[in-house]
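Hello,

Here is the structure I promised to pass on to you.

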Amino acid sequence: MAEQKSDKPQIKPFAGPAGGWGSVRSLAEIMPREHVKPEALRELARQNKPDGFMCVSCAWPKPADHHPFEFCEEGAKATAWELTTFRTTPEFFAEHSLAELRGWKDYDLEQHGRLTHPLRYDAATDKYVACSWEEAFDGIAAELGPLDPKSVVFYSSGRTSLEASYMYGLMARMFGNQNLPDSSNMCHESTSVGLKAAIGVPVGTTQLEDFKHCDAILFFGQNVGSNAPRMLHDLRDCRKRGVEIVTFNPLKERGLERFTDPQNPIEMATLGETAISTQYHQVKAGGDIAAMMGIAKFLVEWDDAALAAGEPAVLDHDFIEQHTSGFPDFLNAVRAADWAAIEHESGLPQAELEDSARIYAKAKAVLAIYGMGLTQHVKGVENVRMVVNLLLMRGNIGKPGAGPTPVRGHSNVQGQRTVGITEKTELVPVDRLEAQYGFTAPREKGLDTVESCRGVIDGSVKAFIALGGNFLRAVPETGPMEEAWTRLQLSVQIATKLNRNHLFPGKVAYLLPCLGRIEEDVQASGPQAVSVEDSTSCIHGSRGKAKPASPHLLSEPAIVGAIAKRILPPNPHVDWDAWVADYRRIRVAIAETYPEVFKDYETRLFTPGGFWKGNKASERIWLTASKKAEFLVPEHLSAAGFADAPGRYRLMTLRSNDQFNTTIYGYHDRFRGVKGTRDVLFINAADMAEAGLSAGQIVALESDAGDGKARRQEGLIVTPYDIPRGCLGAYYPECNVLIPVEHHAEESHVPAAKSVPVRIAA
Ligand SMILES: Nc1nc2c(c(=O)[nH]1)N[C@H]1C(S)=C(S)[C@@H](COP(=O)(O)OP(=O)(O)OC[C@H]3O[C@@H](n4cnc5c(=O)[nH]c(N)nc54)[C@H](O)[C@@H]3O)O[C@H]1N2
Ligand SMILES: Nc1nc2c(c(=O)[nH]1)N[C@H]1C(S)=C(S)[C@@H](COP(=O)(O)OP(=O)(O)OC[C@H]3O[C@@H](n4cnc5c(=O)[nH]c(N)nc54)[C@H](O)[C@@H]3O)O[C@H]1N2
Ligand SMILES: [Mo]
């Protein structure tokens, strides 16, 4: 079967565009493979529509003027994955011990189908056995009761709705901690920290509408064709208007090169395609600060010359004067930056940077779009700050068609932060929560993802509750983390499908199956809607209609409510049962805590295109310490955070076109020409020759972090690829074993997954 791991993997360049017939074929393959019923397929027509359900894949905005089918290949795969008719039942667990299942691949675990019953781990047989919901909830409360609240972690993955997230955060704070790490800690936390410090908001300032007003786009480190394909429509429309798209990415990603719209019959029939990037710069991994410094140098040089000649300035001096702080120091740093160092660190010749600077200098309104290629570095926050520096130089924030546009990951990851999923006290209205619920909220900073990992390893974390996700597989340092996990006193996993984290139970462990967002959620007051926030701060209602995978599933709010009721003392200000009976009551509570954002929540819930939560920086109101937008002088030109050395490479851990994070849909990475395997090591042909390797040879990677710890990933197929020298590419999550837990972005603690120091062992 094509989707199965193959003994004879094929790796050869893919000639087609992003989208196109390849994406249709890919769908035609996954729907029957998941035995999705025809009536469930009808759900696809409701995807991302007002009064439909909001896609469970990425966080790209859902437009008001939607297409007939407002979904993409990846969104349809995510839907098929949730609506599959395969089931993972108690009978399955009776047949397989966890020790045995630990030998299974991520693909095989999830592909086996939806979880159907609440399960308790039975240590005597090393198996999960069915239990009742009451037994699970009582068991969880019995374990949590005696524990120090500070030793308990409440993780969540960014798919969970605003309603469930709000309840979850409140439960943790009432329980006595803010140990609320979420997937954002591994993702765009560098954005939240960097943008907040620079412009006073932790999120991007733009909306879909801005794509209609920009005349250039700078595009850094985001693989749009695989990870946010619906954006290709917006980029294509930009290109049709003549917008210049200047891309910085170590890899030639197909979605950034060219696109055929699978929903456009004419393009499909004529094999028409739109070229996306007008310039493509294959920056070194970790080389973006240097590249942006080069652009800044040209801007300053041309500005000096223009002013001397009495011509219009290149920099927006009025904006800089009125709206920013720290420009003189930044200007000095730009003037002082050395071209040889810029070329070396970016891996790009001065002439290429001059080309991109020309586009930027000419454009009146510029979007800077970026993803994990900037945030997942030791200097990830500086990367984000450098993007802001560049935008501020020409007043490109707070006007139509301009501004930072981080592409968020999970479909509600940004929204979780909005409603209190955070370890940071300053991000929650603590006083309001206390007044609303009559309790003393913790003010001590909670544990983020990296700190939770440390705590699991050193034993100070005793219990771990996970509202979705696959924490253990997504975090660095796989080996020691897996070993430490089973020493937890309690682990609770709320999930839709079996994944590797579930195979490492705490001493007491429960695996609790929940409804997915596409499924109908009926509570005492009738069918319920939930809501999510997209990448551009628009909030959408979502209504599942599909028949639940099993009659034994509970919704996420119902599970959180039931746990909260048992672990917290009764509180006259919160009636968990009433909230679960009618989610409108949760929304009333959310709006009371966050009136600025959620005013008229219920009436605006199904606004086509979502309702916008507002953004002060987009109005040029800067909620920073200086009340201005802040320039930052980057301390280093490299974001990698470690020195180059002979034989040391920078490994980028990447997603394929056939996965959603740790969920592996199959073994193809169509755009990169990989078929039948994920055990690939992308390497520059010259590096391959220099290291005495040959194409197809099997090698291992070893950690070269210099911390004396051995980390090794075996069985990788040497694959010559168009990738800058000194850089390697391989897949996440398999290669997480190579990432030290302490290799993370300095200020944001995002694991630095895009420049991991490794050596090749033949
Ligand atoms: N289908 C699908 N959709 C997804 C996901 C998925 O796994 N599958 N995941 C979701 C989530 S949670 C997230 S966060 C997003 C992730 O989406 P992306 O932000 O696209 O993340 P990655 O796939 O990790 O790839 C990042 C890109 O950065 C490039 N890159 C690596 N290092 C550097 C660098 O130093 N500089 C520059 N300029 N580029 C670099 C890589 O070549 C790659 O093209 O997508 C979301 N959407
Ligand atoms: N090396 C490396 N590591 C990385 C990254 C990288 O680029 N490189 N990327 C990082 C990023 S950006 C992210 S966001 C994290 C992702 O980390 P997570 O968000 O923790 O991981 P996912 O793979 O998205 O979680 C998949 C699981 O979620 C469960 N699930 C699916 N739908 C639902 C639902 O509706 N409800 C519930 N309760 N559970 C559900 C299923 O059981 C499934 O197995 O990984 C990070 N780790
Ligand atoms: Mo993410």
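Below is what I found, starting with how the model is read.

This is a predicted model, in which local features need pLDDT of at least 70 and side-chain atom pairs count only at pLDDT 80 or more, while totals for chains, interfaces and linings use all residues. Residues are numbered from 1 along each chain as its sequence is written, chains are lettered from A and ligands numbered from 1 in the order in which they are written, and side-chain values use heavy atoms, leaving out hydrogens and water.

Let's begin with the domains. An automatic or database domain assignment gives domain 1 (89-184 + 412-530 + 555-582 + 589-596) and domain 2 (189-409). Their C-alpha centres are 38 Å apart. Contact (heavy atoms within 4.5 Å) involves 7 residues from domain 1 and 6 residues from domain 2. Between the two domains there are 2 salt bridges (a side-chain nitrogen of Lys or Arg within 4 Å of a carboxyl oxygen of Asp or Glu).

Just after H14, Gly310 has a positive phi of about 70 degrees.

Finally, strand E32 (residues 727-731; a DSSP run of E, at least two residues). It is largely enclosed by the rest of the structure, because 5 of its 5 residues are buried. Cys727, Gly729 and Tyr731 lie on one side, with Leu728 and Ala730 on the other.

Enjoy exploring!

Terms used
Helices (H or I, at least four residues) and strands (E, at least two) are DSSP runs, numbered from the N terminus. Buried means under 20% relative accessible area, exposed over 50%, partly exposed in between (1.4 Å probe, protein chains only).
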